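Please keep the sequence and the model in view as you read.

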Amino acid sequence: MVLLNNDWDALLSDEFKKDYYLKLREFLKREYFSKRIYPPMNDIFNALRYTSYENTKVVILGQDPYHGPGQAHGLCFSVKRGIEPPPSLKNIFKELYSELQIPAPECGELVGWAKQGVLLLNTTLTVRESSPQSHKGQGWEILTDKIISLINEKEEPVVFMLWGGNARAKKQLITNKNHLVLECAHPSPLSAYAGFFGCNHFVLANSFLIENNRNPIEWDKINNY
C-alpha cells in the first residue's frame with residue numbers, strides 16, 4: 001500500500017490497483033529481496049511526498065536513480081546529506097551560479113526545492129546497484145507518464161524542465177498551453193557543454209512564474225527545510 005499523505009493519494013489510487021502496477025510491485029519485491037536496489041524502499045516515492053500536486057510549480061525530470069551506495073533518496077539529481085554530489089549535480093550547481101550567482105551548497109540534498117513546489121521526478125523510480133536503467137521497462141514509465149499527464153491538466157501554469165533525450169521525449173505529454181516547456185542537453189559531463197551550460201532555465205522559470213502571478217522559486221534555498 002502506497003501512502004503519500006497528500007493529494008497524490010486520491011489522484012493515483014486507481015493507478016496503484018492496475019495490473020501493470022501490481023506486476024511492477026511483484027517484480028520489486030523479488031528485486032529488493034535478492035539484490036541491492038536503490039533508493040531504499042521507503043524512499044521510492046519521496047518526490048511525490050515532498051511536493052503535492054497542488055503545490056507543483058516546476059517539474060524537473062530525471063531518468064533513473066543514482067546507482068551508487070547511499071546516493072539515491074527518491075528525488076531526481078539529489079543526494080543525501082554527507083554524500084559527494086555526482087558530476088551531473090555539480091554541473092547543475094555550476095549553471096545555478098552562472099545564472100544567479102548562487103554558490104554551491106554545503107550538500108546536494110535538494111529537499112529545499114521540493115518543498116517549494118519543484119517536483120524532482122525520475123521517469124524510472126528504482127535501479128539495481130551499479131546497473132543504470134536496469135529497471136527500465138518494468139512499468140515505472142506508465143506511472144510517471146500518468147503523473148506528468150495529470151500535471152499537464154493543471155490550470156495553474158507549471159514549468160517543465162526537460163534535460164536530455166529521455167526527459168525531452170516526454171514533451172509529447174505536455175499539451176496544455178498554460179505551461180512552459182524548457183528543453184536542453186542533460187547536465188551530465190558527457191553533454192553539459194552541448195547546451196545545458198548557458199540554458200538559463202532557472203531564470204526563465206522564475207520569470208514565467210512571476211508573469212503568471214505565482215511565487216518564484218527561491219533557488220538559493222537548496223538545503224533549507
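Strand 2 and strand 3 (residues 118–122) pair in the parallel sense over five bridges, where strands are DSSP runs of E with at least two residues and helices are runs of H or I with at least four residues, both numbered from the N terminus. Two strands count as paired if DSSP finds at least two bridges between them. This is a predicted model, in which local features need pLDDT of at least 70 and side-chain atom pairs count only at pLDDT 80 or more, while totals for chains, interfaces and linings use all residues. Residues are numbered from 1 along each chain as its sequence is written, and side-chain values use heavy atoms, with hydrogens and water left out.

**The sheet**

- Strands of a sheet pair through backbone hydrogen bonds, and the pairing may be parallel or antiparallel.
- In this model four strands form an open sheet in the order 3-2-5-6, with parallel pairing.
- Strand 3 and strand 6 (180–184) are the edge strands, each pairing on one side only, and the twist from one strand to the next averages 20 degrees.
- Helix 6 (residues 140–152) packs on the sheet, where it touches strand 2, strand 3 and strand 5, and its direction makes about 155 degrees with that of strand 3.
- Helix 8 (residues 201–211) also packs on the sheet, touching strand 2, strand 5 and strand 6, and its direction makes about 165 degrees with that of strand 5.
- For these angles, axes are lines fitted to C-alpha atoms, for helices over the stretch in contact, and the values run from 0 to 180 degrees between N-to-C directions.

**Strand 2**

**The core and phenylalanine 45**

- The largest nonpolar core has 70 residues, and those with the most contacts inside it are Trp8, Phe45, Met161 and Trp219; such a core is a set of buried Ala, Val, Leu, Ile, Met, Phe, Trp, Tyr and Cys residues joined through side-chain atoms within 4.5 Å.
- Phenylalanine 45 lies in the loop between strand 1 (37–38) and helix 3 (46–50), and it is buried, with a relative accessible area of 7%.
- Leaving aside neighbours within four places in sequence, phenylalanine 45 is in contact (heavy atoms within 4.5 Å) with Val2, Leu4, Phe16, Tyr21, Leu125, Trp140 and Leu143.

**The cysteines**

- The count comes to zero disulfides, where a disulfide is a pair of cysteine sulfur atoms within 2.5 Å.
- Cysteine 107 is in no disulfide, and the nearest cysteine sulfur, that of cysteine 76, is 16 Å away.
- Cysteine 199 is likewise in no disulfide, with the nearest cysteine sulfur, that of cysteine 184, 4.1 Å away.

Technical notes:
Buried means under 20% relative accessible area, exposed over 50%, partly exposed in between (1.4 Å probe, protein chains only).
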